[in-house]
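Subject: Structure for your files

Hello,

Please find the structure below, followed by notes on what was found in it.

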Amino acid sequence: MTRSTRCTTAKTRTSRLAAVAAIAVVGSVLLTACGDQTEGGSATPTSGGSAATNAAPLFSKLPADIQKAGVIQVGTDASYAPMEFTEGGKIVGVDPDIAAALSKQLGVEFKFTSGTFDGLITSIYTGRQDLIMSSMTDNKKRQEGLDDNGKKIGKGIDFVDYFSSGVSLLVKKGNPQGINTLDDLCGKTVAVQRGTIYEDTFKAQATKCGANKLTIQAFDTDAEAQTRVKAGGAVADLNDYPVAAYIAKTSGGGNDFEVVGSQSDVGLFGIGVSKENTQLRDAVKEALDAIIKDGTYADALKKWNVEDSAVKSATVNAGK
C-alpha cells in the first residue's frame with residue numbers, strides 16, 4: 001500500500017502489525033498536525049567515530065553534528081511487519097535491515113525509536129528525529145506540508161525513495177463476502193488504520209459508492225483494524241501488499257486472513273528527512289545507491305521475501 005499511514009488529519013504509511021503478538025493480527029500519505037508522540041525503542045548499531053578515525057566510505061558526507069554524535073536518530077512505528085515490528089524487545093524488519101546496510105556506508109549508528117505513525121513528521125519538524133524509516137509513502141502533500149484539503153499545515157519534508165509497493169485488500173480467510181475489488185465493498189463496512197493513504201482510498205470509494213453506503217471504521221493501529229475483520233465486524237482491511245501478504249501468511253498460522261484482488265495504487269516509500277537538512281538527505285541517497293550496487297540492499301529485501309519491491313536506484317521526492 002503506499003504505506004502512507006496513521007491521527008485525525010493525514011498520514012500515509014505508503015501507504016504499515018501492532019504488537020506482532022499481534023504479529024498474528026498485526027500488522028502510512030498525508031501530513032499530520034499531531035504532536036510528536038515517539039517513545040523509546042531499540043537501535044541498529046554500528047561503529048561511529050571521528051572524521052579522523054572513521055573509515056566508512058561515506059562518513060565524510062554526513063553533517064558535522066551527526067559525525068560528532070555518531071548516531072542518526074530514526075523515527076518509526078514498529079507495528080508493520082514485515083517492514084518494521086518489535087520482536088524480543090528489538091525493532092526488526094525490512095527497514096531496520098536496510099538501515100543496517102546504510103550504517104556500514106555512513107559509519108554511524110541508526111537508532112530506531114518507535115512512536116505513533118501520525119507523529120513521525122512532527123518529530124522531524126521538532127528535531128527529535130533525523131530521519132523517518134516507517135514505510136511512509138512519498139507524496140506531494142507530505143513533501144509540501146499540506147492536509148487533505150490542500151491547506152498548508154507544515155514545512156513538508158523530503159524523501160529518499162527506497163521501496164516500491166502497491167496496496168491490497170485483506171479479508172477473512174475463505175473470503176465469505178466474496179470481496180475482490182473496491183467496488184465490492186459498497187454497502188459494507190471496512191476497517192483501516194486512521195490517517196493512512198488506505199483510509200483515503202476507502203473514503204474515495206465511499207464517495208463512489210454513493211447511496212449504497214460504504215461504512216469506514218478507522219483505528220489507531222492496523223492491528224485493531226485486522227482484529228475487526230477477523231471478528232467479522234468489517235469485511236476488509238487495506239494494506240501495502242508485502243504487509244498484507246505477511247499478515248495472511250502468519251496470523252493464526254495462516255488461517256485468519258487472505259489477500260484478494262490485484263495490487264493497486266503502486267507508489268514509493270521514502271526515508272523522510274527535513275528540508276533544511278539537504279546534506280543528510282544527499283548522504284543517505286548516496287549510501288542507498290551504494291548498497292543497491294553492492295547487493296546488500298537486495299539481501300535485505302530477500303530476507304523478508306519482498307524482492308519485487310526493490311528500486312533500481314535512489315531518487316529524491318519522486319512520489320506523486
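Strand β6 and strand β7 (residues 84-87) run antiparallel and are joined by 2 bridges. Strands here are DSSP runs of E with at least two residues, helices are runs of H or I with at least four, and both are numbered from the N terminus. Two strands count as paired if DSSP finds at least two bridges between them. This is a predicted model, in which local features need pLDDT of at least 70 and side-chain atom pairs count only at pLDDT 80 or more, while totals for chains, interfaces and linings use all residues. Residues are numbered from 1 along each chain as its sequence is written, and side-chain values use heavy atoms, with hydrogens and water left out.

Ser79 has Phe85 of β7 as its bridge partner. The open sheet consists of 3 strands in the order β6-β7-β8, with antiparallel pairing. Its edges are β6 (79-80) and β8 (90-92); each has a single partner strand, so one side of each has no neighbour in the sheet. In the loop between β6 and β7 sits Pro82, joined to Ala81 by a cis peptide bond with omega of about 5 degrees.

**Aromatic pairs**

The whole structure contains 4 aromatic pairs. Rings of Phe, Tyr and Trp (the six-membered ring for Trp) pair if their centres lie within 6.5 Å; planes under 30 degrees apart are stacked, over 60 edge-to-face, and the rest tilted. Phe85 and Tyr246 have ring centres 6.1 Å apart and planes at 40 degrees, so this pair is tilted. It links Phe85 in strand β7 with Tyr246 in helix α7 (residues 241-250), 161 residues apart. Phe85 also forms an edge-to-face pair with Trp304, at 5.8 Å centre to centre and 85 degrees between the planes. Trp304 lies in the loop between α9 (296-303) and β16 (315-316), 219 residues from Phe85. Phe85 and Tyr246 are both buried, as is Trp304. Buried means under 20% relative accessible area, exposed over 50%, and partly exposed in between (1.4 Å probe, protein chains only).

**Disulfide**

There is 1 disulfide in the structure, formed by Cys186 and Cys209 with sulfur atoms 1.9 Å apart; the cut-off is a pair of cysteine sulfur atoms within 2.5 Å. Cys186 is in the loop between β11 (157-172) and β12 (189-193) and Cys209 in helix α5 (residues 197-209), so the link ties together parts 23 residues apart in sequence. It is left-handed, with -80 degrees about the S-S bond. Both Cys186 and Cys209 are buried.

**Core and totals**

The largest nonpolar core has 73 residues, of which Ile72, Ile98 and Phe110 touch the most other members. Such a core is a set of buried Ala, Val, Leu, Ile, Met, Phe, Trp, Tyr and Cys residues joined through side-chain atoms within 4.5 Å. Another core, of 8 residues, lies apart from it and includes Leu120 and Phe159. The chain has 9 helices and 16 strands, and 57% of its 320 residues count as buried.

**Positive phi**

Two non-glycine residues to check on screen:

- Asp265, in strand β15 (residues 257-274), has a positive phi near 50 degrees and is partly exposed at 44% relative accessible area.
- Asn305, in the loop between α9 and β16, has a positive phi near 60 degrees and is exposed at 58% relative accessibility.

Regards
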